[in-house]
Amino acid sequence: MSPKPNSIASRDIAYCLHPYTNARAHEKKGPLVITHGKGIEVFDDQGKSYIEGMAGLWSTSLGFSEERLVEAAAKQMRALPFYHGFTHKTAIPAVELSEKLIAMAPVPMSKVIFANSGSEANDTIVKLVWYYNNALGRPEKKKIISRVKGYHGVTVATASMTGLPVNQTDFDLPINNILHTSCPHYWRFGKEGESEEAFASRMACELEEMILSEGPETIAAFIGEPVMGAGGVIIPPATYWEKIQTVLRKHDILLIADEVICGFGRTGNSFGSQTFGIEPDIMSMAKALSSSYLPISAVMLNDKFYQVIADNSDKIGVLGHGFTYSGHPVCAAVALETLKIYEERNLFAQVAETGAHLQNRLAAFKDHPLVGEVRGIGLIAGVELVQNKRTKESFSPAGKVGTYLNERAVEEGLIIRNMGDTIAFCPPLIITDDQIDQMIGRFAKALEKTLDWTR
Ligand code: PLP
């Protein structure tokens, strides 16, 4: 059914080019118009409600109606709606937020630099890593290793690090000096009879082989998400991070933890790095930093890294990097209030409990004929659909069945996201056990309809 003339939907089709959307399909299908939100739900322009099983884009941790964040923004807007951090200026919220983040860091960190999105944070890191090695007189130590199916953003450098074809095809990416090592998905890539630990050792060996064949003197950094999100919610196998870090230390390679999804409670700890024993030199964070109410991201650096950057800025005369909105006072004030709420409500500990409930409920789908693997930790999970449960054969074409299920879920009043044929769950951190049960009930109905359709 085509949208009514002059409706929001028809104006959307007329004027908007949507991110991560097939533009031609959108011209026919039109948008789902979301008008407001309450708690873990959002509502469309017909008044229908949906459980937001993805917290928007893995991000709206406090749900869609947290008045305290609205108040924090309004208060800061009245006091100082904009200021910046260039040329020795500062505004109070950016200072307080930096101090708070350093206090929360999973390992000793020294400084924070702000940006507006996860992509910008990771892009900033790439530049700082290059700057660092130039400063140290190692101009050849520039390559960055990320992973197949890793997701780090969509700017020129970060889309190059992202290990997903759609982010590179016809964009003339990746750029030089970006390498991809294997995706640590044990269920999919583990060999017959190989234990999780043996698989992790193999992943670490492959990484080391890549480093040795390229020359360790050319490898600057390794970037990884503690749990891969957009690549299909891939939980690292036991001992993976420990083994990867041993290789990196041996070859003097910096470790960048991309905490854009895992940061702020998603895995039941402040950071995914704590959950998996990761000791990064540099971290990026965004999304739940402000519950996504306003755009803000941050990069945290350890002191060893900072000292070199600081000396080089002194040598050149300035650190020639920064965005107009880096540390925007309104965004920083909202982020600070978000962190206060997490603490007051002891939300990360709550996630450890509600997360266990979500994982238990989803585990029940393991025997379903369409389900190959159920995986997750805390309040993030993936359900991978397969053509053949025994052989793990995927559906062809990839994503068709996942998309069908996604559409049935929307009919049931549930927003989830299919990455190919893996269905992701990443609800707001405030979700309760009862709400998880409702979410699972809606998912179960959509899955049954999908099963009927595939038969
Ligand atoms: N890093 C990770 C792990 C992400 O999941 C994302 C976005 O989903 C990004 C970086 C990029 O963030 P943004 O979309 O804010 O640029």
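Which residues in α5 meet which residues in α13? This is a predicted model. On the α5 side the contact holds Pro93, Ala94, Glu96, Leu97 and Lys100. On the α13 side it holds Pro329, Ala332, Ala333, Ala335, Leu336 and Leu339. By class, this contact has nine nonpolar residues, two charged residues and no polar ones.

Now the geometry of the pair. Two packed helices are described by the angle between their axes and the distance between the axes. Helix α5 spans residues 92-104, and helix α13 spans residues 329-344. Their axes come within 8 Å and cross at roughly 40 degrees. The crossing of α5 past α13 is left-handed.

Turn next to an open sheet of four strands. Its order is β11-β12-β15-β14, and its pairing is antiparallel. β11 (371-377) and β14 (417-419) stand at the edges. Each has a single partner strand, so one side of each is left without a neighbour in the sheet. On average, neighbouring strands here are turned by 25 degrees against each other, direction ignored.

β11 pairs with strand β12 (residues 380-385) over six bridges, in the antiparallel sense. Within this stretch, isoleucine 377 stands opposite isoleucine 380 in β12.

Two helices pack on this sheet. Helix α14 (residues 347-363) touches β11, β12 and β15 (422-425). The direction of α14 makes about 175 degrees with that of β11. Helix α15 (residues 400-411) touches β12, β14 and β15. The direction of α15 makes about 180 degrees with that of β14.

A further open sheet has four strands in the order β1-β2-β3-β13. Here the pairing is mixed. The edge strands are β1 (34-38) and β13 (414-415), and each pairs on one side only. Strand β3 (residues 49-52) pairs with β13 in the parallel sense over two bridges. Glutamate 52 has isoleucine 415 in β13 as its bridge partner.

Last, the ligand. How many residues surround the ligand, and which are the closest? There are 16, and the closest are Ser117, Gly118, Ser119, Gly153 and Val260. α3 (55-59) and α6 (118-135) each supply at least two residues of this shell. α6 gives the most, with three residues. By class, the shell has seven nonpolar, seven polar and two charged residues.

Conventions:
Residues are numbered from 1 along each chain as its sequence is written. This is a predicted model: local features need pLDDT of at least 70, side-chain atom pairs count only at pLDDT 80 or more; totals for chains, interfaces and linings use all residues. A residue is near a molecule or strand if its C-beta atom, placed from the backbone, lies within 6 Å of it. Ala, Val, Leu, Ile, Met, Phe, Trp, Tyr, Cys and Pro count as nonpolar, Asp, Glu, Lys and Arg as charged, and the others, Gly among them, as polar. Axes are lines fitted to C-alpha atoms, for helices over the stretch in contact, and angles run from 0 to 180 degrees between N-to-C directions. A crossing is left-handed if the near helix is turned anticlockwise from the far one by less than a right angle, and right-handed if clockwise. Two residues are in contact if their C-beta atoms, placed from the backbone, lie within 7 Å. Two strands pair if DSSP finds at least two bridges between them.
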